[in-house]
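Reader: I should like to work through this structure by question and answer. Please show it first.

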Amino acid sequence: MRASRRLLASTDEEAVVAPGNRRWSLRRRLTVALSGFGGLAIITLTVAPLLGPTPIGLGRVFDTSIPFADNVDAQIFFIARLPRALAGALVGASLAVAGVVFQALLRNPLATPFTLGVSAGASLGAMLVITLGVPVAVSGIPAVPIASLLGSLGAAGVVYSMATLRHRGLSTTVLLLAGVTLNSFFSAIIMFVQYSADFTQTFQTVRWLMGNLDVSGFQPIVAALPLTGAAFAMFATLPRALNLLTLGSDSAAARGVDVLRTQRVAFLSASLATGAAVSLSGPIGFIGIVIPHLVRLIVGADHRVVMPASACLGAAFLVGCDVVARTIMAPFELPVGVITALTGGPFFLWLLVRRQ
Amino acid sequence: MDSLRSGAVRSLECELLQAANVSFAYKRHLVLREVSFDLAPGGVLGILGPNGSGKTTLLRLLGGLLRPTAGRIALDGCDLGNIAKATLAQRMAMVPQETHLAFDYSVLEIALMGRYPHLRSFEVEGPEDIELARAALAETDTAMLEQRAFMTLSGGEKQRVVIASALAQFGRRVADSGHRPVEVLLLDEPTASLDLGYQLDVASTLRRLNRDRSTSMVISTHDLNFAASVCDRVVLLRQGRVLAAGPIRDVLRPDTVRALYDVEATVEQHAMTGHMTVVPWARRATTAPNTHEER
């Protein structure tokens with residue numbers, strides 16, 4: 001009797017096998033995923049600086065017989081395009097992994113790096129600097145990225161203290177509600193300041209809010225690198241504990257996970273990565289939700305594979321989207337956020353529908 | 001009630017898990033009041049009581065997820081607070097009432113999560129861990145579900161997979177020499193959301209684990225008949241107090257059932273199964289005063 005019921009239950013197995021190839025060992029899945037997605041990222045990163053409205057020759061770029069000041073190809077490559085591609089890779093990887101971490105922390109597949117108010121805080125910081133007319137750089141440091149970084153960390157601080165204030169441990173429900181509320185609150189202030197600002201300032205803010213990878217030089221990337229590096233070092237400690245957290249915090253704790261510490265490190269690292277990314281490029285949407293889900297469909301749910309794979313695919317995707325944004329309407333540039341949403345959105349919907 | 005409560009003070013020579021005068025309060029709301037009992041190695045203890053009697057809180061205390069406000073909980077005579085998380089997790093595992101995943105893992109991946117307390121940081125599960133996880137799945141009759149997505153399983157299958165994941169916590173690699181310590185499984189309402197067939201599956205799985213591996217268990221449940229089919233001793237819990245405790249044949253009586261649930265019930269030994277059965281037949285007015293005490 002029992003055996004027959006089991007047989008019946010397993011006849012429709014084809015449709016319900018877990019997504020991703022689970023028959024391979026973790027090591028093998030990790031190797032394949034990293035060589036696949038990592039290779040994609042490296043190829044995109046290599047090709048992207050060569051593409052653009054002005055054709056450049058790789059031979060001339062690295063031709064040391066021409067002085068750099070006279071070598072237009074080298075200038076385009078090293079000043080305009082390469083930093084831009086690197087910024088895209090950094091931002092794409094950061095937002096994708098931050099998305100994975102926020103989704104695991106909140107146990108909510110709809111969470112994005114921007115759910116908890118981090119980007120709204122960054123936007124508010126940036127726009128206050130633009131509108132209040134703070135000089136472009138304060139003692140050599142550009143003011144807008146600093147202000148947006150402070151804004152994002154401030155927002156993260158408020159949300160975090162709300163979630164820990166009156167609870168044992170960290171309440172993810174309060175975290176979510178406080179984040180969503182803070183998002184609307186900051187948006188209201190942004191709207192108010194925009195309404196009272198003059199036309200030029202409004203134009204500048206709107207441009208910033210659309211997101212832009214035009215960093216013109218390596219300096220902003222170097223400035224963001226320590227923060228991003230710290231965030232990724234913390235990310236590296238998380239994957240296994242995040243796997244167990246998806247069972248629920250009690251089940252994770254009963255298996256020996258230090259739940260509170262994991263939640264703290266997850267929140268801090270993901271906020272830091274998001275803050276650094278947004279201060280570099282402005283808020284670029286969609287990467288933080290599309291990439292993690294896409295990766296999970298391909299490699300399964302294990303965070304030890306999902307996190308590095310998302311970093312690679314996020315980098316490749318944003319660098320690729322930026323190439324499209326630069327070239328599709330040349331000599332005009334589209335905001336890269338338009339491209340990420342226009343390409344990522346329908347593709348993601350198609351995946352969802354196909355999976356049902 | 002004094003005659004009933006005397007059973008709770010009983011003491012065993014070699015307790016495995018012992019709760020002594022445990023009280024617990026969430027903020028100012030007292031949930032458990034001076035609860036005492038102990039679990040012998042290989043024993044199956046049922047915590048019985050109506051919804052809201054503090055069963056889940058008691059189980060979380062036993063699992064070391066909460067600290068008692070007063071009193072002491074000890075495993076092999078050692079205070080739970082003094083045992084390292086990973087060490088505790090290798091001997092004691094919890095099975096929650098229901099498990100909802102945020103993301104879709106395969107059944108084998110869920111079972112492998114039980115190996116967490118045995119792995120060093122950054123260590124990846126080796127072939128031995130995979131063997132142990134598979135063995136745990138086999139013990140709960142779920143080995144053939146290995147590659148299935150956990151989210152697509154039925155309630156009974158999910159529950160047995162989660163039990164397997166808990167068993168994987170106990171699994172010892174060859175290198176972990178020495179005698180195998182007695183293992184404790186804490187189950188919170190393991191059958192509350194299952195239909196009759198799956199309830200039987202889970203009950204027989206638990207009985208077999210107790211018989212074959214001498215797994216000790218603490219099971220919280222409001223289902224007296226399920227408890228009677230699995231447990232050898234029970235603690236009756238109402239509004240955070242112990243009404244009665246002892247061997248199930250002594251404790252399960254019409255008067256204790258009335259005191260516990262405010263129902264008139266017939267308690268008989270079932271002719272075929274040999275264990276006690278409880279058939280409630282009338283609702284009684286509440287006897288116990290509604291004491292939601294503030295401290």
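Reader: Which helices do the buried residues of helix 10 of chain A pack against?

Author: In this predicted model, the buried residues of helix 10 of chain A are A:Ile221, A:Ala224, A:Thr228, A:Ala231, A:Met234 and A:Phe235. Their packing partners belong to chain A and are helix 5 (72-106), helix 11 (239-245), helix 13 (259-281) and helix 15 (303-327).

Reader: How far apart are the end C-alpha atoms of helix 8 of chain A, and what covers its buried residues?

Author: Helix 8 of chain A has 25 residues (172-196), so at 1.5 Å a residue it should span 36 Å; the end C-alpha atoms agree with this, being 36 Å apart. Its buried residues include A:Leu175, A:Asn183, A:Phe186 and A:Gln194. The cover over the buried residues of helix 8 includes, from chain A, helix 5, helix 6 (118-131), helix 7, helix 9 (199-210) and helix 13.

Reader: Is A:Ser152 buried or exposed, and which residues does it touch?

Author: A:Ser152 lies in helix 7 (residues 143-165) of chain A. Buried means under 20% relative accessible area. A:Ser152 is therefore buried, because its relative accessible area is 0%. Not counting residues up to four places away in sequence, A:Ser152 touches A:Val118, A:Gly121, A:Ala122 and A:Gly275.

Reader: How much area do chain A and chain B bury between them?

Author: The size of an interface is often given as the accessible area lost when the parts come together. Here 43 residues of chain A are in contact with 46 residues of chain B. Of the area buried between chain A and chain B, 53% is on carbon and sulfur atoms, and the area is about 3,800 Å².

Reader: Which helix of chain A gives the most to the side that touches chain B?

Author: Between chain A and chain B the count is three salt bridges, and 11 residue pairs are in polar contact across the interface. Several helices of chain A each supply at least two residues of the side that touches chain B, among them helix 3 (26-47), helix 5 and helix 15. With five residues, the helix of chain A that gives the most to this side is helix 1.

Reader: How far apart are the closest N and O atoms of B:Glu125 and A:Arg304?

Author: B:Glu125 and A:Arg304 form a salt bridge, for which the cut-off is 4 Å. The closest N and O atoms of B:Glu125 and A:Arg304 are 3.1 Å apart.

Reader: What is the phi of B:Glu34, and what is the phi of B:Gln239?

Author: Most residues other than glycine have a negative phi. B:Glu34 is in strand 2 (residues 29-39) of chain B, and B:Gln239 is in the loop between strand 9 (233-238) and strand 10 (241-247) of chain B. B:Glu34 is partly exposed, with a relative accessible area of 48%, and B:Gln239 is partly exposed at 25%. Neither is a glycine, yet B:Glu34 has a positive phi of about 45°, and B:Gln239 has a positive phi of about 45°.

Reader: Is B:Val174 buried or exposed?

Author: B:Val174 is in the loop between helix 6 (155-170) and strand 7 (184-188) of chain B. A residue counts as exposed over 50% relative accessible area. The relative accessible area of B:Val174 is 73%, so B:Val174 is exposed.

Technical notes: Residues are numbered from 1 along each chain as its sequence is written. Chains are lettered from A and ligands numbered from 1 in the order in which they are written. This is a predicted model: local features need pLDDT of at least 70, side-chain atom pairs count only at pLDDT 80 or more; totals for chains, interfaces and linings use all residues. Side-chain values use heavy atoms; hydrogens and water are left out. Buried means under 20% relative accessible area, exposed over 50%, partly exposed in between (1.4 Å probe, protein chains only). Helices (H or I, at least four residues) and strands (E, at least two) are DSSP runs, numbered from the N terminus. Contact means heavy atoms within 4.5 Å. Buried area is the accessible area (1.4 Å probe) that two parts lose on being put together, summed over both. A salt bridge is a side-chain nitrogen of Lys or Arg within 4 Å of a carboxyl oxygen of Asp or Glu. A polar contact is a pair of N or O atoms within 3.5 Å; within protein, one must be able to donate a hydrogen and the other to accept it, and residues adjacent in sequence count only if both atoms are side-chain atoms. The expected span of a helix is 1.5 Å times one less than its number of residues.
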